[in-house]
Amino acid sequence: MIGILCAMREELEPILKFMNVKEKINHANNIFYLAEFQNKDIVLAYSKIGKVNAALTATIMIEKFGVEMLLFSGVAGGVDEDLKIGDLIIATKTTQHDVDLTVFGYEPGFIPESRVFFECDEKLNTIARNVARKLGIRLKEGIIASGDQFVHSKERKEWIKKTFKASAIEMEGAAVGCVCWNENIPFFMLRSISDTAEEGAGVDFDEFLEESSRVSAKFLVEMLQEVKSD
Ligand code: ADE
């Protein structure tokens, strides 16, 4: 079983259009869509925004539905200068930019017995690179930083960039990365840029959420054709 997770309904809907949905299950204030796509069993859901919601949905997908890999699709704020609205990025690893135990001497993002960075699955990233090459699509890769804040300030964005070498910012990736690391499940994170996380980002986000969600969804579905599952 493959798990596909988004944060928002707008991010999930363009993926669902490609799926043969067999059943909908309501659980813990989430809707889980059990679907079939090219003979693969897939469970899909949107978690609602933020790290706590994403961690809940990811955990249910693994513990209740038995997914053996988790693929995330959605939008992000661009940090790297060459990332423009609508561009695609995959995460090499994710981190929580709003974790701060520095008063105890820990580096930003670090939690004892956990880690600063959660690695994404190299096999899934290789599939993404190959699909992008085949389709002639530019696919960036880099660190994606997550926090329970919609970043709309150049100052905060620059701090996240400097501290974590992040290429993009969103609000769920590291939560799913953390769950998958603890559960030993391969994790893939794809995002299309909706804004550049500076002043005015809220207006851009509202304008480009749907279009960028479609870009991410389309690429994920292309990629899914190459993903093998049991
Ligand atoms: N997702 C999309 N844009 C974002 C931003 N600027 N901050 C946090 N999450 C986002």
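Figure 1. C6 stands opposite Y46 in β4. Strands and helices here are DSSP runs numbered from the N terminus, a strand (E) having at least two residues and a helix (H or I) at least four. The model is predicted, and local features need pLDDT of at least 70, side-chain atom pairs count only at pLDDT 80 or more, and totals for chains, interfaces and linings use all residues. Residues are numbered from 1 along each chain as its sequence is written, and side-chain values use heavy atoms, with hydrogens and water left out. Strand β1 (residues 2-6) runs parallel to β4, and 5 bridges join the two. Two strands are taken as paired if DSSP finds at least two bridges between them. On β3, β4 pairs in the antiparallel sense, again over 5 bridges. E36 has D41 in β4 as its bridge partner. The hairpin of β3 and β4 has 2 residues between the strands, and Q38 in this hairpin takes a positive phi near 50°.

**Figure 2. L44 in strand β4.** Of the 7 residues of β4, 6 are buried, so the strand is largely enclosed by the rest of the structure. Buried means under 20% relative accessible area, exposed over 50%, and partly exposed in between, with a 1.4 Å probe and protein chains only. L44 lies in this strand and is buried, with a relative accessible area of 0%. Leaving aside neighbours within four places in sequence, L44 is in contact with I4, L12, I15, L16, M19, I31, F32, Y33, A35 and M61. Contact means heavy atoms within 4.5 Å. The C-alpha atoms of L44 and K154 are separated by 34 Å, and the two residues are 110 apart along the chain.

**Figure 3. The hairpin of β2 and β3.** Strands β2 (residues 20-27) and β3 (residues 30-37) run antiparallel and are joined by 7 bridges. K24 has Y33 in β3 as its bridge partner. The two strands form a hairpin with 2 residues between them. A28 is placed in the loop between β2 and β3. Most residues other than glycine have a negative phi. A28 is not a glycine, although its phi is positive, about 50°. With a relative accessible area of 38%, A28 is partly exposed.

Figure 4. K48 is found in the loop between β4 (40-46) and α2. Its phi is near 85°, a positive value in a residue other than glycine. K48 is partly exposed, with a relative accessible area of 34%.

**Figure 5. Packing of helices α2 and α5.** Two packed helices are described by the angle between their axes and the distance between the axes. Helix α2 (residues 51-63) and helix α5 (residues 173-183) pack at an angle of about 35°, with their axes 8 Å apart. Axes are lines fitted to C-alpha atoms, for helices over the stretch in contact, and angles run from 0 to 180 degrees between N-to-C directions. The crossing of α2 past α5 is right-handed; a crossing is called left-handed if the near helix is turned anticlockwise from the far one by less than a right angle, and right-handed if clockwise. From α2, K51, A54, A55, A58, T59, I62 and E63 meet A175, V176, V179, C180 and E183 of α5. These contact residues divide into 8 nonpolar, 1 polar and 3 charged. Ala, Val, Leu, Ile, Met, Phe, Trp, Tyr, Cys and Pro count as nonpolar, Asp, Glu, Lys and Arg as charged, and the others, Gly among them, as polar.

**Figure 6. Buried residues and ends of the two helices.** In α2, the buried residues are K51, A54, T57, A58, I60, M61 and I62. In α5, G173, A174, A175, V176, G177, V179 and C180 are buried. N184 follows α5 and has a positive phi, near 60°.

Figure 7. D82 is found in the loop between β5 (69-78) and β6 (88-96) and is partly exposed, with a relative accessible area of 36%. Apart from neighbours within four places in sequence, D82 is in contact with D87, R138 and K140. K165 lies in the loop between α4 (154-164) and β9 (166-170). At 65% relative accessibility, K165 counts as exposed. K165 touches I143 and I160, not counting residues up to four places away in sequence.
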